[in-house]
Amino acid sequence: MGMSLETFEALTPAEWHACYEAWHHTRIREPWERVRFAATAVLQPWTRKRVKATDLVRFQWDGEQARQAAKDAPASTEERMRQVMGRLK
């Protein structure tokens, strides 16, 4: 990850995890995302249907993003309306 031994030893577990996540995103995920985007851009003119990047290649972290979005989203429109009305009172 490019840090010195002193820096590594000074990190708390939460700080180390944050460093690892940033390194993983920069070194692993971003290059694969760029390749997937390039493949989508190259193939799109040759197809009649709209091609999504996830239609070509699915990565493990795609499921993580969907689960997080579902977790953050309200259960229903009625639930969202109750939340908004509660804030207005």
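The structure is a predicted model, and residues are numbered from 1 along each chain.

**First stop: the aromatic rings of helix α2**

Please begin by selecting helix α2, which covers residues 13-43. Within this helix, display the side chains of Y20 and W23, which are three residues apart, or about one turn of the helix. The centres of their rings lie 5.9 Å apart and the ring planes meet at 35 degrees, so the pair is classed as tilted.

Y20 has 29% relative accessibility and counts as partly exposed. W23, at 30%, is likewise partly exposed.

Ring pairs connect W16, Y20 and W23 into a cluster. Across the whole structure, a search finds four aromatic pairs.

**Second stop: a nonpolar patch**

Together, M1, L5, F8 and W16 make a nonpolar surface patch of about 410 Å². W16 therefore takes part both in the ring cluster and in this patch, and its relative accessible area of 34% makes W16 partly exposed.

Side chains of opposite charge can pair when their charged atoms come close. How many salt bridges does a search of the whole structure find? The search returns two.

For one of them, select R36 and E33, whose side chains meet with an N to O distance of 2.9 Å. Both residues lie in helix α2, three residues apart, and are thus separated by about one helical turn. Is R36 buried or exposed? At 6% relative accessibility, R36 counts as buried, whereas E33, at 28%, counts as partly exposed.

D62 forms a salt bridge with R36, and the closest N and O atoms are 2.7 Å apart. D62 sits in helix α4 (residues 60-72) while R36 sits in helix α2, so this pair ties together parts that are 26 residues apart in sequence. Both D62 and R36 are buried.

Finally, display E33, R36 and D62 together: salt bridges with shared partners join these residues into one network.

Definitions and conventions:
This is a predicted model: local features need pLDDT of at least 70, side-chain atom pairs count only at pLDDT 80 or more; totals for chains, interfaces and linings use all residues. Side-chain values use heavy atoms; hydrogens and water are left out. Rings of Phe, Tyr and Trp (its six-membered ring) pair if their centres lie within 6.5 Å; planes under 30 degrees apart count as stacked, over 60 as edge-to-face and the rest as tilted. Helices (H or I, at least four residues) and strands (E, at least two) are DSSP runs, numbered from the N terminus. Buried means under 20% relative accessible area, exposed over 50%, partly exposed in between (1.4 Å probe, protein chains only). Patches are made of residues with over 30% relative accessible area and no salt bridge: like charges are joined within 9 Å, nonpolar side chains (Val, Leu, Ile, Met, Phe, Trp, Tyr) within 5 Å. Accessible areas come from the Shrake-Rupley method with a 1.4 Å probe; for residues, only the protein chains shown count as cover. A salt bridge is a side-chain nitrogen of Lys or Arg within 4 Å of a carboxyl oxygen of Asp or Glu.
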